[in-house]
Amino acid sequence: MMVGSPLLERIRRREAKVGVVGLGYVGLPLGMAFAEAGFPVMGLDVDRRKIDKIEKGESYIKHIPSAPLAELSKAGKLKATADFSKSKDLDCVIICVPTPLTASREPDMSYIIQTGESLSPYVRRGQLFILESTTYPGTTEEVLKPLLEKTGLKAGVDFHLAFSPEREDPGNKNFNTKTIPKIVGGFSPACAEVAAALYGSALKEVVPVSSTRVAELAKLLENIYRCVNIAMVNEMKMLCDRMNVDVWEVIQAASTKPFGFQPFYPGPGLGGHCIPIDPFYLTWKAREYEFHTKFIELAGEVNWQMPYYVVQRTMEALNKSRKTLNGSRVLCLGAAYKKDIDDMRESPSLRIMTLLAEKGAEIAYHDPYVAELHKGHGFNMELKSVPLNPDTLGDYDAVLILTDHSGIDYATVVARSSCVIDTRNATKGVTQGSEKVMKA
């Protein structure tokens, strides 16, 4: 049986070499956290642009400043490479690659499989491998483990294997990689001990669980909880619109109850790397057990339909001015999936722009964090963010607020625009010109 103490000692002395595969919104801050804790860190990514940026000490993620990255890079504490053969020199390898959905809304394991295949020739005795990518329960053991065992070495015997779900929330000013509690589940008790020791050396709190499957499912539960509640309030919003009741005022009133209620807020659809995707990961896996997750699937469907509802409300708003969507100039405010970040993953804004264009609208957008939009992932336009000029707002037939970035003067937007469709309640408190605003 493999003895974990040599690696444990290297971790405790912060001599263990840590590798992070996937240097995106999860991997980069995680790698920086380990480097700041004193570990030598090597990032691995197939994107040469990210590697070049790290070598220059330049951040490519808006909410991560360049100064601390430059300091770590200059000191040689954080390096990056596209050469996966260097993983053989690493003691701990943490995998933070994307897990999107296919066009038919089934789990896309291609990034995990490609990573496992790239690492497998270089797996050596005594290493620790941790998967952080959000996925269905069983992925660590059923997908990653066989790939890492291709050389004949066995998980739990020759090398350690664990799962620890990422919990990144880009732009959150109250919590970051170091302060968010870290769930850790190991393939064996020894695997869990080593993985927990690694995270405990760099992060504030570690929460051990009994298995990789528990850790995988805990992540899904966290996000499905949000998905279901957001779907409920989105459905409530659509009902309130028909009843001519302000759903935002309803939520505010309900929030005064000091127990038994937590407010969730409607929007134009779900965005980000987890909440729009996670329910479908679990419903797909549940079918293996002849179980139909009706409640979760319904919530997912409600949220997926919200962009269509926003387009319908835009058509209704234009109709009041005797205009059709076909041929109208529409300015979309916000492309990122939430306020004050540059994260475009699964942003409902892209779907809404696509639907508007398909119906004949002439689309422009403004986002202070997203300079350009490119084709891909079902989005078929090449656009550049236009300046938000008060003198030209009236040139658009409708202004559609999709992301409530803090730096935008919404009072001016309302005052200078012909018609405003607000999906985020960003115009709350704006009285002048409020008759031009339609909530969606």
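Predicted model: local features only at pLDDT ≥ 70, side-chain atom pairs only at ≥ 80, totals over all residues.

Reader: OK, how many salt bridges does a search of the whole structure find?

Author: It finds 26 salt bridges.

Reader: Where do R105 and E301 lie?

Author: Their side chains meet in a salt bridge at 2.9 Å, N to O. R105 lies in the loop between β4 (92-95) and α5 (110-119), and E301 in helix α11 (residues 294-304), so the pair ties together parts 196 residues apart in sequence. Helices (H or I, at least four residues) and strands (E, at least two) are DSSP runs, numbered from the N terminus.

Reader: And what's the relative accessibility of R105?

Author: R105 is at 25%, which counts as partly exposed. E301 is partly exposed too, with a relative accessible area of 36%. The cut-offs: buried is under 20% relative accessible area, exposed is over 50%, and partly exposed is in between (1.4 Å probe, protein chains only).

Reader: What about K219 and E166, buried or exposed?

Author: K219 is buried, and so is E166. Their side chains form a salt bridge at 3.7 Å, N to O. The pair links distant parts of the chain, with K219 in helix α8 and E166 in the loop between β6 (160-163) and β7 (182-186), 53 residues apart.

Reader: Which residue does R167 pair with?

Author: R167 meets E222 in a salt bridge at 2.4 Å, N to O. This pair also links distant parts of the chain: R167 is in the loop between β6 and β7, E222 is in helix α8, and they are 55 residues apart.

Reader: Switching topic. How many cavities of 30 Å³ or more turn up?

Author: The search of the whole structure finds 1, and the largest cavity has a volume of about 90 Å³. On a 1 Å grid over the protein atoms alone, a cavity is a set of points where a 1.4 Å probe fits but cannot get out; a pocket is an open set with protein on both sides within 12 Å along at least five of seven lines, and lining residues have an atom within 4 Å of a point. Volume is the space filled by probe spheres set on the points, which are joined across faces, edges and corners.

Reader: Which residues line the largest cavity?

Author: Among them are E166 and R167, along with V26, L30 and E132. The lining divides into 5 nonpolar, 1 polar and 5 charged residues. For those classes, Ala, Val, Leu, Ile, Met, Phe, Trp, Tyr, Cys and Pro count as nonpolar, Asp, Glu, Lys and Arg as charged, and the others, Gly among them, as polar.

Reader: And how much space lies in the second largest pocket?

Author: About 1300 Å³. It is lined by 49 residues, of which R226, I230, Y265, K338 and R424 lie nearest its centre. Helix α8 gives the most to that lining, with 7 residues. By class, the lining has 17 nonpolar, 16 polar and 16 charged residues.

Technical notes. Residues numbered from 1 in each chain as written. Heavy atoms only, no water. Salt bridge = Lys/Arg side-chain N within 4 Å of Asp/Glu carboxyl O.
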